[in-house]
Structures are given as structure tokens and as C-alpha cells.
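Please look at the sequence and structure first.

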Amino acid sequence: MTEIIAEIANAHQGSVTNAEKLAIDCLKSGADAVKFQIYFADELLVKTHPRYEHFKNQSFSAVQWKKLISKVKKKGKVYCDIFGEKAFKIAKKLQVDGYKIHSSDLINHHLLKKVSKENKKIFLSTGGSRFSEISYALKYFKNSKIKPILLHGFQSYPTKVEDSKLLRINFLKKNFGHISDIGYQDHCDGKSEEGYLIPSMSIALGTKIIEKHITLDRNRNGF
């Protein structure tokens, strides 16, 4: 059976209230789990980076994360993207149900080493990743009781149909299917027919996880 994850990402617009409503509404609507992105500007970027202030304004404090995740966990499963060791520490303390490592961290030795010791569901994003990077990350989980889940998905917003490259799922299955499960992180336009068809087609190719970005109102232009 395919698990459906509602990806909150930055749809909360930097508001804890929005994040809580998004998560709980999704769980009520039938999502099997929700996923938050825990990050801190200082872990992601140098202060002179043009996007530094954006991430600083969008991020929550450790206290805010504690209140938010504690509330949402009462309603259902919570997974977290962890963009750094500080983010991982918070997610671990809050006993989330699983961790996702972004493709940009597939060769992050320090983060992989810490996460591999957790007996939780582990997602490894492979969008834009090389064969060698995926192989490197999987080495850390060879003695784990949990099979990591490789998530295919080209992360442009929205992703064009021709950029979805669903046949890469077969590539991942052929090369890594013996040591991992496969999922699909979809970024197609939510208003389009492809927003339903592409993820459904990925299920036919054998994905066990579907991750979809969500929002409260598609007519609002936010992040």
C-alpha cells in the first residue's frame, strides 16, 4: 500500500498557526503523514547570501517547533526534513516518526552518521543526485534494521511533465532496490491533471511513498 505524505515545506509562510492548520487539515483529509522542514538560516547559508533573510524569516525557533510538532503528533504521523545537525537534534528530541535528508546532504558524513543510528523511517531525496552520491549515502544504512526510502523527483516549481523523468524510478529500483524502497516526491502543478496522473503513474512503477506539496489556497502567491 502506498503511503501519502503531505509536504508542508514553506507553505506556512513563516507562521506557526498556518503550519498547524495545514498539517491538521491534511491529516483530517486522509493523508497518512505530514512532513515539516526544519532548518535554520545559519546552518544553510552565510549571512551575505541573498536568500539568508528569507530563510531566517521563514524558520521557527526550537520552542515553536516543540509546540507545533507536539500538537500535530496527537493527530497523526510527523516526518521532518533536517537541514543540518541542529535541525536533527530538535527532530530527535521531539521523537518524530522519521527523517528526510535532502539531496544536497547525501555526502554529508556528519549528518548521515547521526541519522543512520536512528531506528526510524529514513527518506533520502535523490533529485539531482549522482549514482555515486546515492551509493555513498546508502553505505551508512547497510547495517540498519530500517530500509531507507529513495525519493525520486525533480524539484522545480511546478515541474514540467517532460522533466518528471519517471523512468528514473526503474533505474533506482534496478541499482538500489535490493537495499532500499522507492518513493516519488511530486512537484507538478496542483491545478493540473498531471498533478494526479504523474504520481499515480509512479505507483504503477512500484513507488511505495508519494509526497505532495500542499497549501491552504492555491490562489495566493506565496513561497
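Q: Which residues do ring pairs link into a cluster?
A: This is a predicted model, in which local features need pLDDT of at least 70, side-chain atom pairs count only at pLDDT 80 or more, and totals for chains, interfaces and linings use all residues. Residues are numbered from 1 along each chain as its sequence is written, and side-chain values use heavy atoms, with hydrogens and water left out. Rings of Phe, Tyr and Trp (its six-membered ring) pair if their centres lie within 6.5 Å; planes under 30 degrees apart count as stacked, over 60 as edge-to-face and the rest as tilted. Ring pairs join these residues into a cluster: Phe36, Phe60 and Trp65.

Q: How many aromatic pairs does the structure hold?
A: A pair of aromatic rings is described by the distance of the centres and the angle of the planes. On that basis, the number of aromatic pairs in the structure is 9.

Q: Why is the pair of tyrosine 39 and phenylalanine 55 edge-to-face?
A: The ring centres of tyrosine 39 and phenylalanine 55 are 5.4 Å apart. The pair is edge-to-face because the planes stand at 90°.

Q: How many residues apart in sequence are the parts that tyrosine 39 and phenylalanine 55 tie together?
A: Helices (H or I, at least four residues) and strands (E, at least two) are DSSP runs, numbered from the N terminus. Tyrosine 39 sits in the loop between β2 (33-38) and α2 (41-44), and phenylalanine 55 in helix α3 (residues 52-58). The parts tied together are therefore separated in sequence by 16 residues.

Q: Is tyrosine 39 buried or exposed?
A: Buried means under 20% relative accessible area, exposed over 50%, and partly exposed in between (1.4 Å probe, protein chains only). Tyrosine 39 has 3% relative accessibility, so tyrosine 39 is buried.

Q: Which strand holds tyrosine 99, the partner of phenylalanine 88?
A: Phenylalanine 88 and tyrosine 99 make a tilted pair, 5.3 Å centre to centre with 55° between the planes. Both residues are buried. Phenylalanine 88 is in helix α5, and tyrosine 99, 11 residues apart from it in sequence, is in strand β4 (residues 98-101).

Q: Which lysine lies over the face of phenylalanine 40?
A: A charge sits over a ring if NZ of Lys or CZ of Arg is within 6 Å of the ring centre and within 35 degrees of the ring normal. Here the distance from the ring centre of phenylalanine 40 is 4.2 Å, and the residue is lysine 86.

Q: Which elements give two or more residues to the lining of the second largest pocket?
A: On a 1 Å grid over the protein atoms alone, a pocket is an open set of points where a 1.4 Å probe fits, with protein on both sides within 12 Å along at least five of seven lines; lining residues have an atom within 4 Å of a point. The lining is made up of Ala62, Val63, Lys66, Lys86, Lys89, Ile90, Lys93 and Leu94. Two or more of these residues come from each of α4 (62-73) and α5 (85-93).

Q: How many salt bridges does a search of the whole structure find?
A: A salt bridge is a side-chain nitrogen of Lys or Arg within 4 Å of a carboxyl oxygen of Asp or Glu. The search finds a total of 14.

Q: Which residue forms a salt bridge with lysine 35?
A: Lysine 35 lies in strand β2 and its partner in strand β8 (residues 209-213), so the pair ties together parts 176 residues apart in sequence. Lysine 35 is buried at 1% relative accessibility, and glutamate 211 is buried at 2%. The closest N and O atoms are 3.6 Å apart, and the partner is glutamate 211.

Q: Which residues do salt bridges that share partners join into one network?
A: Lysine 35 and glutamate 211 are among them. The network consists of Glu7, Lys35, Asp81, Lys100 and Glu211.

Q: Where does glutamine 13 lie?
A: Phi of glutamine 13 is near 60°, a positive value in a residue other than glycine. Glutamine 13 is partly exposed, at 33%. Its place is the loop between β1 (3-7) and α1 (16-29).
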